[in-house]
Amino acid sequence: MATRQLWGCLLVLLPFFAHINAAAQTVNQDLSTIIGELWKLDVNRFTPGTDYKISLQGRAGYIPKGSKVAVDHASSPLFSYVNENKLKSITTYTCFMKLLDNYERSTGVAEKVTTDEIAENNAFLDAILDTAVMKRAHQYLIKKGKSKSDLRQFKNQLYYMWFRLYHRDRTGGEDSSGFEHVFVGETQSGRDIMGLHNWIQFYLQEKQNLLDYKGYKATKNDLVMSNTSTVN
């Protein structure tokens with residue numbers, strides 16, 4: 001599982017290439033190379049089987065949108081172990097977790113951003129920008145002409161991409177942001193979950209019994225060696 005700063009880097013890099021033909025071999029190779037570099041630089045990532053363990057259990061069935069009924073193919077939580085001492089000892093993680101309660105989960109409910117929340121956003125950006133991962137990502141984007149060399153301008157660029165509010169539900173005020181959708185998750189009509197592409201939030205929600213893991217989702221090309229395993 002990649003740490004917050006590596007996943008954050010992917011969110012930084014990919015939008016800059018949104019208008020490039022994704023099938024272009026040179027672009028794919030270029031992105032593959034830099035992502036490989038970032039992965040190696042990410043010294044804070046959690047090691048499967050050591051820092052965390054998961055139990056995949058059964059494969060989840062299809063759930064129609066809006067349905068309140070789901071067959072449970074997993075009697076136990078997804079996470080059977082997470083090294084919380086490590087989670088709470090790394091600055092990027094602790095700054096990240098402070099942001100998870102800053103949002104209205106339901107779409108259509110306008111966000112009200114406080115001065116404390118703005119300070120937490122900035123503290124998180126300062127923490128990740130101090131890592132080797134984000135420093136290398138910044139260098140790469142400068143080389144590609146996608147970011148300025150000035151660190152303050154780069155931070156402002158990240159803030160705009162992640163924390164700028166916008167309308168997801170047109171019936172209300174500005175109710176969403178890139179950060180909220182990807183890292184926190186949102187609910188539509190109080191039922192359907194959108195986003196939540198984030199293992200830390202998943203783990204914390206599961207730990208508080210606010211989320212019930214029903215099983216894994218896989219495609220025909222996925223190779224699952226066993227129902228109980230650790231994955232990266």
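Start by selecting Met-134, His-138 and Leu-141 in helix H6, which meet Leu-151, Phe-154 and Leu-158 in helix H7 (contact means heavy atoms within 4.5 Å). Now show both helices whole: H6 covers residues 132-143, and H6 and H7 pack with their axes 12 Å apart at an angle of about 95°. The axes are lines fitted to C-alpha atoms, for helices over the stretch in contact, and angles run from 0 to 180 degrees between N-to-C directions. H6 and H7 are therefore roughly perpendicular to each other (65 to 115 degrees counts as that; under 35 is roughly parallel, over 145 roughly antiparallel and the rest oblique).

A quick word on what you're looking at: this is a predicted model, where local features need pLDDT of at least 70, side-chain atom pairs count only at pLDDT 80 or more, and totals for chains, interfaces and linings use all residues. Residues are numbered from 1 along each chain as its sequence is written, and side-chain values use heavy atoms, with hydrogens and water left out.

Zoom out and colour by secondary structure. The protein chain has 9 helices and 4 strands, and from the N terminus on the elements run α-α-β-β-α-α-α-α-α-α-β-β-α. Helices (H or I, at least four residues) and strands (E, at least two) are DSSP runs, numbered from the N terminus. Of the 232 residues, 41% count as buried (under 20% relative accessible area; exposed is over 50%, partly exposed in between, using a 1.4 Å probe and protein chains only).

Next, the aromatics. How many aromatic pairs does a search of the whole structure find? It finds 18. Rings of Phe, Tyr and Trp (its six-membered ring) pair if their centres lie within 6.5 Å; planes under 30 degrees apart count as stacked, over 60 as edge-to-face and the rest as tilted.

Select Tyr-103 and Phe-179 for one of them: the ring centres are 6.2 Å apart and the planes at 25°, so the pair is stacked. Tyr-103 sits in the loop between helix H4 (91-97) and helix H5 (115-129), while Phe-179 is in helix H8 (residues 178-184), so the pair ties together parts 76 residues apart in sequence. Buried or exposed, this Phe-179? Phe-179 counts as buried, at 0% relative accessibility.

Keep Phe-179 selected and show its surroundings: leaving aside neighbours within four places in sequence, its contacts include Phe-96, Leu-99, Phe-124 and Trp-162. Both Phe-163 and Phe-179 are among the residues with the most contacts inside the largest nonpolar core, which has 46 residues. Such a core is a set of buried Ala, Val, Leu, Ile, Met, Phe, Trp, Tyr and Cys residues joined through side-chain atoms within 4.5 Å.

Last stop, the backbone. Most residues other than glycine have a negative phi. Select Leu-196, which has a positive phi of about 60° although it is not a glycine. Leu-196 is in the loop between strand E4 (192-194) and helix H9 (199-207), and is buried at 16% relative accessibility. Asn-209 also has a positive phi of about 60°, but Asn-209 is exposed, with a relative accessible area of 69%, in the segment after H9.
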